[in-house]
Amino acid sequence: MALEKSLADAGHDQVRKQTAVYVYEAPVRLWHWVTALCIVTLSITGYLIGVPLPTMPGEASDNYLMGYIRFAHFSAGYVLALGLLGRIYWAFVGNHHARELFLVPIHKKAWWHELIHELRWYLFLEKTPKKYIGHNPLGQLAMFSVFVIGAIFMSVTGFALYGEGTGQGSWADRLFGWVIPLFGQSLDVHSWHRLGMWYILMFVMIHVYLAIREDIMSRQSLISTMVGGWRMFKDDKPD
Amino acid sequence: MSQIETFYEVMRRQGITRRSFLKFCSLTAAALGLGPAFVPRIANAMETKPRTPVLWIHGLECTCCSESFIRSAHPLVKDVVLSMISLDYDDTLMAAAGHQAEASLEQTMQKYKGEYILAVEGNPPLNEDGMFCIVGGKPFLDQLKHAAKDAKAVIAWGSCASWGCVQAARPNPTQAVPIHKVITDKPIIKVPGCPPIAEVMTGVITYMLTFGKLPELDRQGRPKMFYGQRIHDKCYRRPHFDAGQFVEHWDDEGARKGYCLYKAGCKGPTSYNACSTVRWNGGVSFPIQSGHGCIGCSEDGFWDKGSFYSRLSNIPQFGIEKNADDIGLAVTGGVGAAIAAHAAVSAIKRMQDKGEQA
């Protein structure tokens, strides 16, 4: 089903053949970059909600700094959560790569073998990496267990806390109010929500590093793929 | 005493005029968040309903709930509520003592089986078969179970009965537990706070007696009318929070100007209570108004949530005095160092491979 095209790419000293596969459809790419922007916004504003900036001078009526910071946080939170819902929808209607984030094939033996291979590649124990059209098993596992679970966790705890402000009977309270007693009390949810931020920031660091590293060292394109949607392969060798 | 008097009869007997009585009804309606249409309903209920017997028992506690209750500054409540309800047993307030007191408990339980309200101040320790709290020669745990058996409803006074409070704080050597861990088959109204506000206590009782039903409770069993909002939602210093104006130090300009105490660890944004609306001591003040942050005394496990002076609470699994940011910075710092090391090794490997190829 993947559109394929071959193009000859003139390298520095040798002619390298590249095969391209269309992997990430437009909605997936758009979602990726919107979510990235949301995470940056949410982390900065969220950090400042817990540890606010130095006191503003002047009258209270002339300032609304915390209000703006909180507004930005809530807006970005809405965008992130709705984007996540849209992304889940796209997993159903998009191409089969769109499902990789949500369905990890842990029942397949081959997947486990490749996972170990990928681990060995990162530990410098393998000389050559494998080729992947979609995610490699390690990347897929990290995407699911850190990003997907993390984003859902942050959305649920986030809207539970948001519901405290919008008040009893509001949609956020009706849908997510049960989360607060589940964790103990409001302050516990705040603590977990903040730990969740650090968890996702840890993911972002590793994600960005490995995307750049793989773009350079693996046998396929990564960063340009998330921009244009096409996966380029740097060699013609099988696997 | 063959017939129990109504509230109204008791009030009149105590020399309270009908005018004062109706004023009390209006004030009560307002305090409960009800409209003027409810005033005649309250008046009617108090004129016609017999007083409901209340048994007030004390477990592990400091009696601050009782101290608060008897200081209810609502003018008539102070004089009347103690006579209004038929407080048949309260070992710290009643005149009787010893066997006489315990006998009155039994008497009420038999006479008003399934009709009386059990008010519990404090909580039972479970360790050593409840030997850490003895009332009338028996463990309080037994008294609590015994008295709750035939009660119509149970009121959990204060944070002890509702959540466990200080005696249930880590490491909780006596295994003190909130009463809902022991009483599982009765409706429990939690009125948390250390202590709860006097007017909230009398308000809850008045509501139950006048309407003959429990007030509407939230998910955690607290009356919505008093615990429906956070201190922060109605705090008079809220505009300074939204403006980003905080008390940074106790003696700074912001403290003198009455800025928001958020950075000084105020737990108002996470505490459900009526302090910022009802206030204390007859509406004189409340902690934030007096210049100190809320410590969140009406919230579950507030003793174990880290410093009263920090917004980020301690996470004990990671050692003493570690909060989410300490943990997060350590983890992301470690990850950052690992990435740097990995990138360095990758670069060296790549140069080696290039060298081999060439």
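In which crossing, left-handed or right-handed, does α1(A) pass α2(A)? Keep that in mind while you make the first selections; please remember throughout that this is a predicted model.

**Stop 1: chain A as a whole**

Walking from the N terminus, the order of elements is β-β-α-α-α-α-α-α-α-α-β.

**Stop 2: a helix pair in chain A**

Now select residues 26–50 of chain A, which form helix α1, and residues 65–93 of chain A, which form helix α2. Their axes come within 8 Å and cross at roughly 150 degrees. Angles over 145 degrees count as roughly antiparallel, and α1(A) and α2(A) are therefore roughly antiparallel to each other. As for the opening question, α1(A) passes α2(A) in a left-handed crossing.

From α1(A), pick residues including A:Trp31, A:Cys38, A:Leu42 and A:Ile49. On the α2(A) side, the partners include A:Ile69, A:His73, A:Leu80, A:Arg87 and A:Trp90. Sorted by class, this contact of α1(A) with α2(A) has 14 nonpolar, eight polar and two charged residues.

**Stop 3: where chain A touches chain B**

Bring chain B into view. Here 35 residues of chain A are in contact with 45 residues of chain B. On the chain A side, the elements giving two or more residues are α2 and α7 (186–217). Select α7(A) in particular: with 15 residues, it provides the largest share of that side. Coloured by class, the chain A side divides into 20 nonpolar, 12 polar and three charged residues.

**Stop 4: the two domains of chain B**

Where they meet, 15 residues of domain 1 of chain B are in contact with 14 residues of domain 2 of chain B. The domain 1 elements to highlight, each giving two or more residues to that side, are α9 (198–211) and α10 (224–227) of chain B. By class, the domain 1 side has 10 nonpolar, two polar and three charged residues.

**Stop 5: an annotated span**

Finally, select residues 227–308 of chain B, which an unreviewed UniProt entry lists as "domain: Cytochrome-c3 hydrogenase C-terminal". The end C-alpha atoms of this span lie 21 Å apart, and the span is 20% helix and 0% strand.

Notes
Residues numbered from 1 in each chain as written. Chains lettered and ligands numbered in written order. Predicted model: local features only at pLDDT ≥ 70, side-chain atom pairs only at ≥ 80, totals over all residues. UniProt positions renumbered as here; feature names shortened; annotations may be inferred. Helix = DSSP H or I, 4+ residues; strand = E, 2+ residues; numbered from the N terminus. Contact = placed C-beta atoms within 7 Å. Nonpolar A, V, L, I, M, F, W, Y, C, P; charged D, E, K, R; others polar. Axes fitted to C-alpha atoms, helices over the stretch in contact; angles between N-to-C directions. Parallel < 35°, antiparallel > 145°, perpendicular 65-115°, else oblique. Left-handed = near helix turned anticlockwise from the far one by under 90°.
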